[in-house]
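Have the coordinates open as you read.

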Amino acid sequence: MRRVVCPGSFDPVTNGHIDIIGRAARQYDEVVAAVLTNVNKRGLFSVEEKLAMLRECTANLENVQISQFNGLLVDFCRDNGIGAIIRSLRSVSDFDYELQIAQMNYRLAGVETLFMTANPQYSFLSSSLVREIAQYGGDVSSLVTPDVEQRLRDKYKDRDSS
Ligand code: ADP
C-alpha cells in the first residue's frame with residue numbers, strides 16, 4: 001500500500017490544492033490531506049472549518065482521507081505509516097524553500113518528499129491571495145469551490161459586522 005501525505009495550511013483550500021490532491025490520488029493507493037494545526041500558524045479559518053472544506057471538496061475521491069497534525073510532519077508520517085510527502089512547486093521561489101525542508105525531513109526520519117509541478121492554470125493561486133481578494137469583495141468563484149466561496153463570504157461578513 002503506497003500511502004502519501006499532502007500537508008498544508010489549507011486556509012482555505014483552493015482549486016490549486018484540489019488539483020494536486022486529485023493528481024496524487026491517481027498515482028498512489030492512498031492520499032492523506034493533512035492540515036497543519038500548529039498554534040503559531042493561526043489562520044482565518046479554524047482547523048475544524050479547514051477539515052470540513054477539505055472533506056467537502058474531496059468527497060468524490062475514494063482514496064483520499066482528511067486528517068490533521070501538529071508538531072513535526074515526519075512524526076505524523078511515522079505514526080500513520082506514510083512513506084512520502086507530496087509538495088507542489090508553483091515557482092522557483094517555492095523550490096528554494098521546499099528543497100531545504102525536504103532535505104531536513106529526509107535527514108530527520110528518512111521520509112521522502114516528492115514534488116509535483118503545479119497546474120499552470122493555478123500556478124498564480126495561493127490561499128493568501130484568495131483571502132485578500134475575498135476580503136475586499138472580489139470574485140473568487142474560479143479559484144475555490146462554491147462551498148469555500150460561501151464560507152469566505154460569511155467569514156468576512158462576520159468580521160465586517162463585528
Ligand atoms: P503551506 O503553508 O504548507 O505551504 P499551503 O496550504 O499554502 O500550505 O500549501 C500546501 C501545498 O499545496 C504546498 O505544497 C503548496 O505548494 C501547494 N499549493 C498551494 N497552492 C497551490 C496551487 N495554486 N497549485 C498547486 N499547488 C498549490
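In this predicted model, the side chains of S126 and S128 are joined by a polar contact of 3.2 Å. Start there, then move on to the salt bridges, of which a search of the whole structure turns up eleven.

**Around S126**
- You'll find S126 in the loop that runs between β5 (112-117) and α5 (127-135).
- With 17% relative accessibility, S126 falls under the 20% cut-off and so counts as buried.
- Leaving aside residues up to four places away in sequence, S126 touches T14 and R90.
- G16 sits 110 residues from S126 in sequence, yet their C-alpha atoms are 7.8 Å apart in space.

**The R90 pair**
- R90, one of the residues S126 touches, also makes a salt bridge with D94 through their side chains, at 3.0 Å from N to O.
- R90 is partly exposed at 39% relative accessible area, whereas D94 is buried at 14%.

**Pairs along α6**
- D147 and R151 form a salt bridge, with 3.3 Å between the closest N and O atoms.
- Those two are about one helical turn apart because D147 and R151 lie four residues apart in helix α6 (residues 146-161).
- R151 is partly exposed, with a relative accessible area of 26%.
- Another salt bridge links D154 to K157, its closest N and O atoms 3.5 Å apart.
- D154 and K157 are three residues apart in α6, so about one helical turn separates them.
- D154 is partly exposed at 29%, while K157 is exposed at 51%.

Conventions. Residues numbered from 1 in each chain as written. Predicted model: local features only at pLDDT ≥ 70, side-chain atom pairs only at ≥ 80, totals over all residues. Heavy atoms only, no water. Buried < 20%, exposed > 50% of the residue type's maximum accessible area, 1.4 Å probe, protein only. Polar contact = N/O pair within 3.5 Å; in protein donor to acceptor, adjacent residues only side chain to side chain. Contact = heavy atoms within 4.5 Å. Salt bridge = Lys/Arg side-chain N within 4 Å of Asp/Glu carboxyl O.
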